[in-house]
Protein chains: 2
Amino acid sequence: VNQTRTIGVIAGAGPFAGLDLLKKIFEQTIASSDQEHLDVLGLFRSSKLPDRTAYLLNPGLENPGYAIAAQALELEAAGATVVGIPCNTAHSPRIFDVALAELQERGSGITFINMIAETIASIQQQHPRLRHIGILSTTGTYRVKLYPNYLREAHLEAIVPDEDIQQTLIHNAIYDAIYGIKATGRATQKARQDLLKGFEHLVDKGAEAVILGCTEIPLAIPESTVGSIPAIDPTLILARALIRTANPTKLKPLP
Amino acid sequence: VNQTRTIGVIAGAGPFAGLDLLKKIFEQTIASSDQEHLDVLGLFRSSKLPDRTAYLLNPGLENPGYAIAAQALELEAAGATVVGIPCNTAHSPRIFDVALAELQERGSGITFINMIAETIASIQQQHPRLRHIGILSTTGTYRVKLYPNYLREAHLEAIVPDEDIQQTLIHNAIYDAIYGIKATGRATQKARQDLLKGFEHLVDKGAEAVILGCTEIPLAIPESTVGSIPAIDPTLILARALIRTANPTKLKPLP
């Protein structure tokens, strides 16, 4: 009997973040040959997935939650039973709840992993003494207070960047047409330097750990600590949650 | 009208080679936002894809061609119309022809790109003066003379490693349980050094260019030249062929 469930990844938001999640799934799996790896479907359909931050800043646009549900259903039709989307902004309740409602309405049976909830749970387990958690994110995630709302429920305090630093240093490192990670498909020197400045800014404001709260950010800051401050990677946490849900015996122990 | 076809990738042979192809597809696409990328489906189902080299060395085993056809049909059912598999050994006619016959019998309409034929065509176009082409590969590909047979038809001469170097340096860099790329999921220092020794060995034997003829090898030798000798990457060539077939207007020009 095959006890393993097929993992589905909505991988187009954006494609390089999708690749990063897929890579982390295979890296975190106990396997010494190709055949010992889990079954994974990566659906890169960015052309049909409206920008999440653009929607949050301008709700007159189409809600990406419908496209997320449609792509989850595509993955389900292709055999996936546990699904994740490596995009923090997509987890804003204004998007994510619409996707979940749509899936319920269509009678979907998939388990949709909530990356933000997994990230908070991971912080509580791995760093139980920390109370002040910094957040680097897109301006969409920043405006809707996605992480602050989740952290408050966990009795943790969110440390967010000042408005000007949020836009000029952090959001632009992700979205700028010349040096941004989405446009170039890689972490340019400027994107990395600006994100590290944002990280230091949060530490100056009292952050004891910093969530890399946009899945393009770990491409620029792959380190697990910056100075002595933990850099929390939601993509890695989502990868581990997907493996644990698909087949817990295949999950590598934490270092 | 959407002029773009969806690309399907049989990505589990092995998964890190599959990721490398997907990455190269996105890197070679003209896009400055997520939404401008092509639609791509990556199917990682290594558990159902028997090892190709093991079959070529022991034909009593199950022919992986049937699993390749089944996975191509899965991708087709999910919407893909142009498909590739980033595994050189899978292109041995004893495997690939079985997959193609099976697809024809099932009435499949997909375009299945032949990575080896594309690689030979690329050498003829990019390096028209070269005559002696070295080949680094698995022992399966080596034994069945996959590249030598294709090169002969193109009036090019194949330079292959001596038997002992093939097995101890090259094949083991891919398959060794301790330091091999398939077992570790990355290019270990020893795998890279041994493959570079194999590369130099081929140059000593007269190779004017060397095909990195197993899709794990470009993970260890990402350079486009070693010394002054071109390192030909079939994964990159396959990525470009898939884009060209899906939507030629999205293909980045060669450097």
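**Interface between chains A and B**

Between chain B and chain A, 14 residue pairs are in polar contact, both residues of each pair being at pLDDT 80 or more, where a polar contact is a pair of N or O atoms within 3.5 Å, one able to donate a hydrogen and the other to accept it, with residues adjacent in sequence counted only if both atoms are side-chain atoms. The model is predicted, with local features requiring pLDDT of at least 70 and side-chain atom pairs pLDDT 80 or more, whereas totals for chains, interfaces and linings use all residues. Side-chain values use heavy atoms, without hydrogens and water, residues are numbered from 1 along each chain as its sequence is written, and chains are lettered from A, with ligands numbered from 1, in the order in which they are written.

In total, 36 residues of chain B are in contact with 36 residues of chain A (heavy atoms within 4.5 Å). The buried area, taken as the accessible area (1.4 Å probe) lost on putting the two parts together and summed over both, is about 2800 Å², of which carbon and sulfur atoms give 52%. Asp34(B), Gln35(B) and Phe44(B) supply 22% of the area that chain B buries against chain A, more than any other three residues.

The two chains are also linked by 8 salt bridges, each defined by a side-chain nitrogen of Lys or Arg within 4 Å of a carboxyl oxygen of Asp or Glu; one of them joins the side chains of Arg52(B) and Asp34(A), at 3.3 Å from N to O.
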